[in-house]
Amino acid sequence: MNAIVVGSGPGGATVAKELSGKGIDVTLIEKGPKIAEKAAFKCYANVGSVVNILRTICLGGTTTVSAGNGVRALEKELSVFGIDLSSEFEAAEKELGVKPLPDSHFGEATKRIMAAAEKLGFVVNKMPKFIDPAKCKRCSKCASGCPNDAKWSAAEFVTEAEKNGAQIITEMPVDEILVKNGEVAGVRCGSKILSADVVVLSAGALETPQLLKRLGLPTTPSMFVDTFTTIGGVLDGIQQNKEIVMNAVIQFNEFVLYPHFSNHLLKRMEERGLNVSPDDILGLMVKIKDEAVGEVNETVEKGITNRDAVLLSEGASVAGAILAEAGADPSTFVATPLRGAHPGGTARIGAAVDKNMATEVNGLYVADASVLPATPGAPPILTIVALAKYVSTIILARN
Ligand SMILES: Cc1cc2nc3c(=O)[nH]c(=O)nc-3n(C[C@H](O)[C@H](O)[C@H](O)COP(=O)(O)OP(=O)(O)OC[C@H]3O[C@@H](n4cnc5c(N)ncnc54)[C@H](O)[C@@H]3O)c2cc1C
């Protein structure tokens, strides 16, 4: 059996590693370039919409700019389809080295926010991270690409796959999936044809549905993105901009708050006529379980619903109370534009793919955020890695 994997984010890189590790002939095809992790910020290819959608196009996919947050998500929703990822989660947590960072890696801003939230009666936890504290220099550059190789990214699994004998091709977008007599036959990249017995689509929630649509296969017009805004105010000399981002989590039912500095706060303060240094801003991200009203057609549309606006308002009120308690000046509070960093749900389990992540075409599978059955409202990488391990086992059973 030989397999082609399309895309090298958490889904594609995991499948490539797992299959090649069991002796399968794997070719991984990635649209973006191979980069030094610290240069990942150059590969942002955000998609404009009412809610701006963030992602990167490079080897390792969007994991290269992640905050390193590793949590289990959607366990209940997946169990409805008879999918139990307990052993896959356990393996993924071990391989990625998921655990909260030691106290030495918590800055003054995060500590103040945690103390203020606790004082107001909210439940505060340290964020589990796939960051090696021994290598982490606490530079705050996670979302630009780690300069110290302290944070796991899917590029590590690609390297393992290559060591297992997989062929890695970069800067080559897959344009079309080839099908013969109801069975997958390979892929077309420009004028180049590559044959395969199995093809796994892991091109992300914005690109995988395009490839499925070109085959006339079903997709799901119900994209979520975990819409977020960051609320911030002035606190002289706090230097949150020099801390590890999102190192704590304040969990509510339908939204979550994370300590977070954003340059957009500075811009918004300037628009308000405030002359502030980035060292003097304290911020909290409000991230909601948004309604899945996004669509991927020739263009990508993702707006917000009335309910989303209610959740964002509720989250912003709580964030404001915590920031004020932590010492930020309420007269300076601003919010960033709406963004989303977790696009998914565009080829859902139970609709576009079955519980084995298989499409209607024999040998064609999906393993990325597209298949997630509901808005996670939580970091999805660990769940995508676990699902990719699960689908790899299913593919190996074909051999
Ligand atoms: C700034 C930021 C911080 C984040 N932090 C976290 C975090 O801390 N924890 C967490 O769990 N999640 C985080 N996320 C979200 C997480 O990165 C994504 O949910 C996840 O990477 C999605 O995985 P994916 O495989 O679906 O897509 P991607 O990671 O986007 O991978 C898709 C890959 O396919 C490639 N591709 C696309 N089209 C083609 C084609 N036609 N042919 C070949 N290749 C193609 C792309 O170049 C890309 O490499 C963050 C996201 C952002 C933007």
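1. Secondary structure and overall form. The chain of this predicted model contains 9 helices and 20 strands. Its radius of gyration is 21 Å, close to the 21 Å that the globule rule gives for 399 residues, so the chain is as compact as a globular protein of that length. Taken along the principal axes, the box filled by the C-alpha atoms is roughly 65 × 45 × 40 Å.

2. Of the 399 residues in the chain, 53% are buried.

3. Domain division. Two domains are assigned. Domain 1 is made up of the segments 2-97, 145-221 and 343-396, while domain 2 consists of 101-131 and 227-340. Between the C-alpha centres of domain 1 and domain 2 the distance is 29 Å.

4. Contact between the domains. At the interface, 26 residues of domain 1 are in contact with 25 residues of domain 2. On the side of domain 1 that touches domain 2, the elements giving two or more residues are strand β3 (52-53) and helix α6 (208-214). By class, the residues on that side of domain 1 comprise 14 nonpolar, 11 polar and 1 charged.

5. The shell around the ligand holds 37 residues, of which Gly 7, Gly 9, Gly 61, Pro 379 and Ile 381 come nearest. Two elements give two or more residues to this shell, namely α1 (10-21) and α9 (381-396). In terms of residue class, the shell has 18 nonpolar, 14 polar and 5 charged members.

6. Position of Asp 329. Asp 329 lies in strand β18, which covers residues 329-335. Is Asp 329 buried, exposed or partly exposed? Asp 329 has 15 C-beta neighbours inside 10 Å. A residue needs 20 or more such neighbours to be buried, and 12 or fewer to be exposed; Asp 329 therefore counts as partly exposed.

7. Contacts of Asp 329. Which residues does Asp 329 touch, once its neighbours within four places in sequence are left aside? The contacts are with Gly 233 and Val 234. Gly 232 belongs to the picture as well: the C-alpha atoms of Gly 232 and Asp 329 are 9.3 Å apart in space, although the two residues are 97 residues apart in sequence.

Technical notes:
Residues are numbered from 1 along each chain as its sequence is written. This is a predicted model: local features need pLDDT of at least 70, side-chain atom pairs count only at pLDDT 80 or more; totals for chains, interfaces and linings use all residues. A residue is near a molecule or strand if its C-beta atom, placed from the backbone, lies within 6 Å of it. Helices (H or I, at least four residues) and strands (E, at least two) are DSSP runs, numbered from the N terminus. Ala, Val, Leu, Ile, Met, Phe, Trp, Tyr, Cys and Pro count as nonpolar, Asp, Glu, Lys and Arg as charged, and the others, Gly among them, as polar. Two residues are in contact if their C-beta atoms, placed from the backbone, lie within 7 Å. Domain bounds come from an automatic or database domain assignment. The radius of gyration is taken over C-alpha atoms; the globule rule is 2.2 Å times the number of residues to the power 0.38.
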